[in-house]
Amino acid sequence: MKMPQVEASLWQLIARAGDLRDRFLWSAEDGIAFGHLAGRSILDTDLELLAGSAVLVATTRQLTAALAAIELDGVARRLVLCPPDLSAEHIAAIVAAADIDALVTDEASATVLTGCARTVRCNPKLAAAAQTRINRHRTEWVLVTSGTTGLPKLVVHTLSSLTAPIRPGRVISLGRPVWSTFYDIRRYGGLQVFLRAALGAGSLVLSSPSESTEDFLYRAGDRGVTHISGTPSHWRGALMSSAANRIAPNYVRLSGEIADQAILDDLRSCYPGAAIGHAFASTEAGVAFEVDDGLAGFPAALIGRSGAEVDMKIEADALHIRSGRTAICYLGDAIAPLRDRDGFVDTADIVHRRDERYYFAGRRDGVINVGGLKVHPEEVEAVINRHPAVRMSLVKHRKNRFTGAVVVADVVVRADRGWPADQTGVLQSEILEACRQSLPRHKVPATIRFVSSLNLGTAGKLARLGA
Amino acid sequence: MSIRSTILSQFVQVSREQNKSLASLSDSTLLLDSGLDSLCFAIIVARLDDCLGVDPFETATDDKFPLTFGDFVKFYEDAAS
């Protein structure tokens, strides 16, 4: 029977990207050479049994998930990458919504999943592959997002939509790039970095949940990381650590949260030799654009360009995106369409124009209502973070009988600026004065509390109530 | 610092920050005549919550709301006791 034409599989793209020798995937514990994957398998004879199936890859280790994804693309009908820390209840819901046939895991005693006909345990040691890999399916790649409430959303991509933003030579690279990321590669931001390393003839240093930021930076530095990516919050954490100078990257990338001018300037100061870029990307919208001029926000000229690869428009202050990089749809019932009738994804990210540039104000659903007036927490944080003694801040709402709510801020002070503990009142006054200079009065925090750290969510973003 | 003096210092501080002309406060001064608006009171209540660890407005019914500065001080003294 003649097989339908399918696009190149991930493995084929990796093999085409260049010499597989001296290219590695490194975890905290071990590493594997891409070249070692040729003719070998962690799924062994089970791979053939998974052909045409909907497969949930729920592994403890990122490295195993990466190897499973490489093997399953082009073989499985659907590949769902399960991020870490999902509850059993959510996993069961994903199995049902994604019509999962088989579970691929590296756990010896994997949770018994109802409705999942087959469980395949990966062989931690690569074995000789039983047969040549045959590329038969245009595999759906399904990513799981952390929803604001209730069940996570299942976002359907293809290898084509995931790799569309990746162009050779887009970033400065001398020799073979060694990528790394603070993200888990089973989330969109991390998966982008994995694919950039794999398709760009590079290596990848994976993060580890059991490792401190310092230990990760030491390890990344030892591996000679050249390209490294994380959220602004990841980077603020890195700059707070004593190991920020253990890496000397050529390229520093920020995405997943608003990159304010303070973090861009701090990274420029810490890594003077690096190109520093911030990207706008989300699981649903894909990578929309990258900004590399060292400034917060993005040029207004990016909006409404005719014939551009990424078509962007602004409606009711929210950024809408249409491109071949966006996801296809959501899986499951009772979810609004991912794209509108014209193919645009509503990002729910609010932007405001000042002169020839747009600046991100915050999330539409993150607005604080102070006496009927809107406040985006992120725009207040951007002002607070400009104070030279501030490393990072979290602005949130506090209920109040007079105005419904007021804005309050938690602030982390830069340790290297040595602000005396008995002088925090002065610092508080300075920050409030800076806010009053830049913001309308309803946006100025009513109170400022100094804290030693701020919590990050599983995706490396500042943990916001209800976000 | 007593509850009264803590409250008074917040009235003075917030009126300065918000460029409001604060009336000379006595126990009989109506809050509506204090020179402060609702955002000022919202800020004062939030800061007193941090200083005194209590926000009596959170649970009070509207008919118990203080009308004068003296009522306001007693409102906090009662909540703190």
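The legends below describe several close-up views of a predicted model.

Residues are numbered from 1 along each chain as its sequence is written, while chains are lettered from A and ligands numbered from 1 in the order in which they are written. Because the model is predicted, local features need pLDDT of at least 70 and side-chain atom pairs count only at pLDDT 80 or more, whereas totals for chains, interfaces and linings use all residues.

**View 1. Chain A as a whole.** The secondary structure of chain A comes to eleven helices and 27 strands, where helices (H or I, at least four residues) and strands (E, at least two) are DSSP runs numbered from the N terminus. Along the principal axes, the C-alpha atoms of chain A fill a box of roughly 75 × 50 × 50 Å. The radius of gyration of chain A is 23 Å, which agrees with the value near 23 Å for a compact globule of 467 residues; this radius is taken over C-alpha atoms, and the globule rule is 2.2 Å times the number of residues to the power 0.38. Buried residues account for 47% of the 467 residues in chain A, a residue being buried if 20 or more other C-beta atoms lie within 10 Å of its own, exposed if 12 or fewer, and partly exposed in between, with C-beta atoms placed from the backbone.

**View 2. The five-stranded open sheet of chain A.** The strands of this open sheet follow the order β17-β22-β21-β19-β18 in chain A, with antiparallel pairing; two strands pair if DSSP finds at least two bridges between them. The edges are formed by β17 (298-299) and β18 (310-315) of chain A, each of which pairs on one side only. Strand β18(A) runs antiparallel to β19 (residues 318-323) of chain A and is joined to β19 by six bridges, and Glu315(A) has Ala318(A) as its bridge partner in β19(A).

**View 3. Helix α3 of chain A and its surroundings.** Helix α3 (residues 62-72) of chain A is mostly covered, with eleven of its eleven residues buried, including Gln62(A), Thr64(A) and Glu71(A). After α3(A) comes Gly74(A), whose phi is positive, near 90°. Pro124(A), in the loop between β7 (118-121) and β8 (127-128) of chain A, has its C-alpha atom separated by 7.6 Å from that of Thr64(A), although the two are 60 residues apart along the chain. Pro124(A) is exposed because 12 other C-beta atoms lie within 10 Å.

**View 4. Where domain 1 of chain A touches domain 2 of chain A.** Chain A is divided into domain 1 (10-353) and domain 2 (367-450), with bounds that come from an automatic or database domain assignment. Eight residues of domain 1 of chain A are in contact with eight residues of domain 2 of chain A, contact requiring that the C-beta atoms, placed from the backbone, lie within 7 Å. On the domain 1 side, the elements giving two or more residues are α8 (232-240) and α9 (261-270) of chain A, and the largest share, three residues, comes from α8(A).

**View 5. Where chain A touches chain B.** Twelve residues of chain A are in contact with twelve residues of chain B. The elements that give two or more residues to the chain A side are β25 (390-400) and β26 (404-413) of chain A.

Definitions and conventions. Two residues are in contact if their C-beta atoms, placed from the backbone, lie within 7 Å.
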